[in-house]
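Subject: Structure handover and notes

Hello,

Here is the structure for your files. My notes on it follow below.

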Amino acid sequence: MSLNLADDQRFALMKFRRSVQDILQPHHDDHFLLRWLRARKWDPTAAEKMLRNSMEWRKKWDADNLDNWDLPEVLKNYLPYGLCGFDKDGAPALIVPFAGLDLYGILHVVTQKEFIKALIKLLDTHLKLANEQAKKHGQIANQLTVIFDLEGFNLKQYLWKPAGETIISAIQMYEANYPEILKMCFIINAPAVFAFAFSIIKKFMDDYTISKIQIYKNDPVKWKEAVLQLIPRDQLPAHFGGTLTDSDGNPRYTTKICQGGKIPKDQYAKKVDKPTDNYTTVVVRKGGKLEFDISAPEEGSILSWEFRSEGHDIKFGILKKDVANGTTTEVIPVRRVASHQTDEIGILTCETATTYSLVFDNTYSVLRDKKVHYSVRVLPPAPVSIMQ
């Protein structure tokens, strides 16, 4: 096996292999070990700690036996992803129509643990395929090429805490246990608000991962040119510049690439664990209302909210206040929302620096007080665009 390593790197590999000999499995060759060494900048001690932690993590999740675990039905039908073919070097090429991910709906059907477990199973499945490809095409095929399509992306659901926390947990899981498996990631059709989202999630990413990500706005000419440099047309759906279509001519190749979609509410679990950490709890008296101000100090700030009520619905709306003349304008009309059935979440981009007034209105109810758990945040404007 030719490894083209400098002498100090070869020595680090020998030292690393000796130190982890007791936990290695037959398929853990030098190329496998080099992933962990590179991830820890050729420090054998740090790489050993990372690998041992990952091995313990795999035991905890029973990761080596997930072939025998069936994905929950909702993930089989609604998790947007698929293998479209192989790139020019033989590496598996995956497409993720990310805007089709209804994580809010999914987490009302399965637990966060089941969702992460599914990601482990899928990652391991595609890595096994990459390993088989490497036997035919060399180590350059032993990684994954991925297209994340953000066409139609909406930040709203990720400001719901369980959804945001799940995405962060998934990234942390990936970084700690799948070092250096990404060959290239094209993020295409990225809207302006994605720059804000990426500025948060990249804090949880390794420099290597970030270096393999190319982000493109909704400019098909640019991103198709980049994608086609790496993935042949006959391995790519027509929607992305290739030649693959379904038998009915569908350019998205949906027989292989699940598009996701909204989870029907009749599939939601009857009881969902809803933590109240970091929420404010108030009681809105029968026949009364609660109104409070929140300041958006900068143009382009993002006002986000999420709340739920116990037992019964409530009216909710947002007013924009003109402090100079004392007038208010409805930005989100005050209306009844079924926040006792599913969490109400929302997002508003502030066009000017101003003050908003949030209203919980219970004046229509003369019999019942309403208990409401809410969280309201003002996030800074999206950073300067990082997109091509």
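The model is predicted, with local features needing pLDDT of at least 70 and side-chain atom pairs counting only at pLDDT 80 or more, while totals for chains, interfaces and linings use all residues. Residues are numbered from 1 along each chain as its sequence is written, and side-chain values use heavy atoms, with hydrogens and water left out. Helices (H or I, at least four residues) and strands (E, at least two) are DSSP runs, numbered from the N terminus.

Pockets

A pocket here is an open set of points on a 1 Å grid over the protein atoms alone, where a 1.4 Å probe fits, with protein on both sides within 12 Å along at least five of seven lines; lining residues have an atom within 4 Å of a point. Grid points are joined across faces, edges and corners, and a volume is the space filled by probe spheres set on the points.

The largest pocket has a volume of about 1400 Å³. Its lining consists of 46 residues, and those nearest the centre are Phe98, Phe148, Ile167, Ala170 and Ile171. By class the lining of the largest pocket divides into 39 nonpolar, 3 polar and 4 charged residues. Helix α7 gives the most to this lining, with 10 residues. At least two residues each come from β2 (92–96), α6 (112–137), β3 (144–149), α7, β4, α8 and β13.

The second largest pocket holds about 930 Å³ of space. It is lined by 38 residues, with Phe32, Arg35, Leu127, Asn131 and Asn142 closest to its centre. The lining of the second largest pocket has 12 nonpolar, 13 polar and 13 charged residues. The largest share, 8 residues, is from α6, and α2, α3 and α6 each supply at least two.

Buried elements

For accessibility, buried means under 20% relative accessible area, exposed over 50%, and partly exposed in between (1.4 Å probe, protein chains only). Contact means heavy atoms within 4.5 Å.

Helix α8 (residues 194–201) is mostly covered, with 6 of its 8 residues buried. These are Phe194, Ala195, Phe196, Ala197, Phe198 and Ile201. Their cover includes α7 (161–177), β4 (182–188), β5 (213–215), β8 (302–309) and β13 (370–379).

In α6, His126 is buried because its relative accessible area is 10%. Apart from neighbours within four places in sequence, His126 is in contact with Tyr81, Leu83, Pro92, Leu94 and Leu144.

Strand β8 has 8 of its 8 residues buried. Both of its faces are covered: one side carries Ile302, Ser304, Glu306 and Arg308, the other Leu303, Trp305, Phe307 and Ser309. In a regular strand the side chains alternate between the two faces of the sheet.

Strand pairing

Two strands pair if DSSP finds at least two bridges between them. β8 is joined to β11 (residues 344–349) by 6 bridges, running antiparallel, and Glu306 stands opposite Ile345 in β11. β8 also pairs with β13 in the antiparallel sense, over 8 bridges; there Ser309 faces Val372 as its opposite residue in β13.

An open sheet of 5 strands has the order β1-β2-β3-β4-β5, with mixed pairing. β1 (82–86) and β5 stand at its edges with a single partner strand each, so one side of each has no neighbour in the sheet. Within this sheet, β2 and β3 run parallel and are joined by 4 bridges, with Ile95 opposite Ile147 in β3.

Backbone points to check

Most residues other than glycine have a negative phi. Lys41 has a positive phi, near 50°, and is found in the loop between α2 (30–39) and α3 (44–61). At 66% relative accessibility, Lys41 counts as exposed. Tyr253 likewise has a positive phi, near 60°, and lies in the loop between α10 (220–228) and β6 (280–284). Tyr253 is buried, as its relative accessible area is 14%.

Regards

Terms used: Ala, Val, Leu, Ile, Met, Phe, Trp, Tyr, Cys and Pro count as nonpolar, Asp, Glu, Lys and Arg as charged, and the others, Gly among them, as polar.
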